[in-house]
Amino acid sequence: MRSLFNLAVLLLLPLSACSLFEPEPATATFKTMGTRAAVTLAGLENEKLAKAAVDAERLMAALEAELSIYRADSVVSRLNSLAGVRPMEVPEHTRRLLEISIKYGDLTSGAFDVTLGPVVGLWRPKPGQTPSLPTEDALQEKLALVNFRNIKVQGSEAFLPTPGMRVDLGGIAKGYAVDLAWQALRRRGAVNFMFDLGGNIRVSGKAGSGLPWSIAVRSPFDTSRNLANVAMPDGWAVATSGQYERFVEIEGRRYGHIIDPRTGYPAAGLAGVTVFAREATMTDGLSTALFVLGPQKSVPVLRKTGAEAIFIPDKEPPELWVTPGIQSRLSLLEEAKVTLLPGW
Ligand code: AMP
Ligand code: MG
């Protein structure tokens with residue numbers, strides 16, 4: 001089903017940067033979780049690359065088998081099929097992700113809702129059918145099933161109490177996977193590296209002597225162009241959410257994959273949100289939520305979490321609305337207006 005969506009190019013592009021006397025950083029890539037993963041090690045650690053990539057690939061495969069809703073036999077698919085029937089014993093990653101998702105639901109006043117699965121499903125094209133708008137009745141029926149507060153997690157068991165309820169970890173699982181891969185790489189002795197899972201990125205150390213890792217913010221209006229670079233401190237993560245990344249076209253109009261839980265319709269108003277923080281789980285969860293909340297309502301969430309962000313409103317020419325911590329780390333590559341986030 002996923003392939004029926006238009007999968008546009010990622011907004012974030014890791015940039016290599018190193019000194020004259022060091023080898024270039026080297027990258028190994030592999031496909032996983034319906035996207036592309038890339039392990040990049042700074043020049044002096046190149047010899048660890050092959051092993052690091054094999055380890056990361058194995059870890060991603062295990063997580064996908066547990067968390068994916070595209071696999072009928074995954075833990076999350078089984079939990080969904082037992083909705084309204086009985087609780088189920090769930091392994092650690094599922095339990096933790098449910099707890100984290102509930103936390104982000106509370107933190108964002110429900111803008112992030114991991115139980116949106118039934119509504120997300122309505123907007124997903126059915127194989128062999130021309131995509132059509134969901135009816136208002138169908139939307140209301142599915143919206144009635146949505147409420148992250150109803151998820152029960154007790155000990156090692158989880159339960160979705162209403163028949164038809166479904167969790168969809170698509171808004172946060174990749175970030176969580178990035179943090180696990182990052183920790184595993186550090187445990188195995190890598191110091192200066194970057195891990196990228198479909199645009200969810202976390203860096204460690206530096207790209208070369210004295211040079212921080214740098215990521216490029218792509219233009220949501222033309223993904224072949226980079227608007228700016230951002231210098232990343234050690235340990236930082238970054239993620240972007242935007243409707244241009246995945247959408248369905250219905251009667252000539254594009255409907256994006258990020259849904260506003262208040263209405264059941266795709267969230268609108270922004271072209272993209274890029275979030276920076278100390279963990280990729282947070283940048284993934286927040287980028288989805290802040291896309292829904294919009295700039296003004298995102299301010300308290302950003303202040304509370306200490307995360308930084310770049311908002312790009314959905315109008316051209318591009319403008320970047322940024323938090324104060326980003327201003328000093330940003331180098332513009334194209335002409336674009338940069339202003340402090342309104343409401344900060
Ligand atoms: P991301 O690309 O990280 O912003 O995540 C988008 C994915 O998260 C979608 O494809 C859905 O699977 C799921 N999703 C959509 N809207 C929401 C939302 N408001 N809260 C939580 N997950 C969502
Ligand atoms: Mg996300």
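Helix α7 (residues 280–305; helices are DSSP runs of H or I, at least four residues) contributes 3 residues to the shell around ligand 1, the most of any element. This is a predicted model, in which local features need pLDDT of at least 70 and side-chain atom pairs pLDDT 80 or more, while totals for chains, interfaces and linings use all residues. Residues are numbered from 1 along each chain, chains are lettered from A and ligands numbered from 1 as written, and side-chain values use heavy atoms, without hydrogens and water.

**Shell of ligand 1**
- The shell holds 17 residues (a heavy atom within 4 Å), and D168, S241, I259, D284 and T288 come nearest.
- By class, 7 are nonpolar, 5 polar and 5 charged.
- Ligand 1 lies between domain 2 (73–167) and domain 3 (228–344), because both give residues to its shell.

**Polar contacts of ligand 1**
- Oxygen atoms of ligand 1 have polar contacts (N or O pairs within 3.5 Å) with side-chain atoms of D284 at 2.9 Å and H257 at 3.0 Å.
- A backbone N or O atom of G171 lies 3.1 Å from a ligand 1 oxygen.
- The protein covers 94% of the 500 Å² of accessible area (Shrake-Rupley, 1.4 Å probe) that ligand 1 has on its own.

**Magnesium ion (ligand 2)**
- Its donors (N, O or S within 2.8 Å; 3.2 Å for Na, K and Ca) are G171 (O), D284 (O), D284 (OD) and T288 (OG1), at 2.0 to 2.4 Å.
- The donor residues follow the spacing G-x112-D-x3-T.
- G171, in the loop between β7 (157–159) and α6 (173–187), and T288, in helix α7, are 117 residues apart.

Definitions and conventions: A polar contact is a pair of N or O atoms within 3.5 Å; within protein, one must be able to donate a hydrogen and the other to accept it, and residues adjacent in sequence count only if both atoms are side-chain atoms. Helices (H or I, at least four residues) and strands (E, at least two) are DSSP runs, numbered from the N terminus. Ala, Val, Leu, Ile, Met, Phe, Trp, Tyr, Cys and Pro count as nonpolar, Asp, Glu, Lys and Arg as charged, and the others, Gly among them, as polar. Domain bounds come from an automatic or database domain assignment.
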